[in-house]
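Hi there,

Here is the structure I promised to pass on.

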Amino acid sequence: MFEINNNKVEKYKHFSVIRDFYKEPDQVVKFIHSHNPEYHKHPFGFFSQGYDFEDMRHTIFHREMRPVWDFLINLTGQKPAGKFMPNVEYVIETNYTYFYKIYKNKYFYPHQDFGKTALVYLDKEAANGTNIYEPITYTTDNREEHKEHYADESELKVIAHIPSEYNKLVIWDGMKYHGLCQDEKYLNAWRLNQVFLFQK
């Protein structure tokens with residue numbers, strides 16, 4: 001089910017792309033949706049969590065994920081960022097987000113990860129995907145996710161935008177500020193991607 005279909009990497013200035021990544025993406029999506037997601041970090045009703053959006057995650061262990069992780073470990077040259085999770089090379093982790101509101105003059109929680117970040121977009125409809133930013137005045141210091149969640153446009157400069165396309169894998173330097181790009185197509189609808197986090 002998680003067999004890799006394509007390993008041809010397209011390199012761009014701030015990110016890389018592999019299109020048509022999974023051989024059976026519909027089965028991957030069906031499998032993920034057969035498991036219940038959980039709220040990320042904060043429960044429903046915590047400030048923006050449950051008011052502006054619902055920010056959820058799937059965390060599923062599956063033996064067929066190991067070859068995918070091995071491929072990405074070799075591609076990124078980094079190890080999984082899984083010090084708090086045993087056997088992370090068998091984990092399926094998602095971002096699963098439902099939007100009640102869209103803020104056109106704000107960015108959706110720009111943040112940094114531990115090393116390389118990879119996503120597989122798993123929504124059928126193409127949309128705004130991910131922004132990569134250069135901070136002007138923005139920092140996540142003393143800013144709590146879901147509470148001080150949004151950044152004003154004046155705080156960051158968009159240096160790259162990655163469109164969301166079904167079954168497309170993207171990789172970038174997660175140490176650069178980045179975040180989901182809001183899109184009115186997904187107002188009152190769920191967005192799904194699979195995420196792989198790495199560290200040096």
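**Around strand β15**

Asn-193 touches Glu-93, Thr-94, Asn-95, Leu-119, Val-120, Tyr-121 and Leu-122, leaving out residues up to four places away in sequence; touching, or contact, means heavy atoms within 4.5 Å. Before going on, please note that this is a predicted model, in which local features need pLDDT of at least 70, side-chain atom pairs count only at pLDDT 80 or more, and totals for chains, interfaces and linings use all residues. Residues are numbered from 1 along each chain as its sequence is written, and side-chain values use heavy atoms, with hydrogens and water left out.

Asn-193 is found in strand β15. Helices (H or I, at least four residues) and strands (E, at least two) are DSSP runs, numbered from the N terminus. With a relative accessible area of 10%, Asn-193 is buried. The cut-offs are under 20% relative accessible area for buried, over 50% for exposed, and partly exposed in between (1.4 Å probe, protein chains only).

Trp-190 also has its place in strand β15. Setting aside neighbours within four places in sequence, Trp-190 is in contact with Glu-54, Met-56, Tyr-96, Thr-97, Tyr-98 and Asp-123.

**Aromatic pairs**

Rings of Phe, Tyr and Trp (its six-membered ring) pair if their centres lie within 6.5 Å; planes under 30 degrees apart count as stacked, over 60 as edge-to-face and the rest as tilted. By this rule there are 20 aromatic pairs. One of them is the stacked pair of Tyr-96 and Trp-190, at 4.3 Å centre to centre with 10° between the planes. This pair links distant parts of the chain, since Tyr-96 is in strand β7 and Trp-190 in strand β15, 94 residues apart. Their C-alpha atoms are separated by 6.7 Å. Tyr-96 counts as buried at 11% relative accessibility, while Trp-190 counts as partly exposed at 29%. Elsewhere, ring pairs join Phe-2, Phe-21, Tyr-22, Phe-31 and Phe-71 into a cluster.

In helix α1 (residues 25-33), the buried residues are Pro-25, Val-28, Val-29, Phe-31 and Ile-32. They cover an arc of only 160° around the axis, which puts them on the same side of α1; the arc is that of the directions from the helix axis to the C-beta atoms. These residues pack against β5 (59-61), β7 (91-99) and β15 (190-199).

For helix α2 (residues 66-76), the buried residues are Val-68, Trp-69, Phe-71, Leu-72 and Thr-76. Seen down the axis of α2, they fall within an arc of 160°, so they line one face of the helix. Pro-67 and Asn-74 are exposed on the other side of α2. The cover over the buried residues of α2 includes β2 (15-18), β6 (79-80), β7, β9 (116-121), β13 (169-173) and β15.

**Backbone angles to check**

Most residues other than glycine have a negative phi. Tyr-109 is not a glycine, yet has a positive phi of about 30°. Tyr-109 lies in the loop between β8 and β9 and is buried, with a relative accessible area of 9%. His-146 has a positive phi near 80°; this residue is found in the loop between β10 (127-135) and β11 (150-152) and is buried, with a relative accessible area of 0%.

**Salt bridges**

The whole structure holds eleven salt bridges, each a side-chain nitrogen of Lys or Arg within 4 Å of a carboxyl oxygen of Asp or Glu. Among them:

- Asp-55 and Arg-57 meet at 2.5 Å, N to O, and both are buried.
- Asp-152 and Lys-106 meet at 2.8 Å, N to O. Asp-152 lies in strand β11 and Lys-106 in strand β8, so the pair ties together parts that are 46 residues apart in sequence.
- Arg-143 and Glu-155 meet at 3.2 Å, N to O. Arg-143 lies in the loop between β10 and β11 and Glu-155 in the loop between β11 and β12 (156-164), so the pair ties together parts that are twelve residues apart in sequence. Both Arg-143 and Glu-155 are buried.

Glu-10, Arg-19, Glu-165 and Lys-168 are linked in a network of salt bridges.
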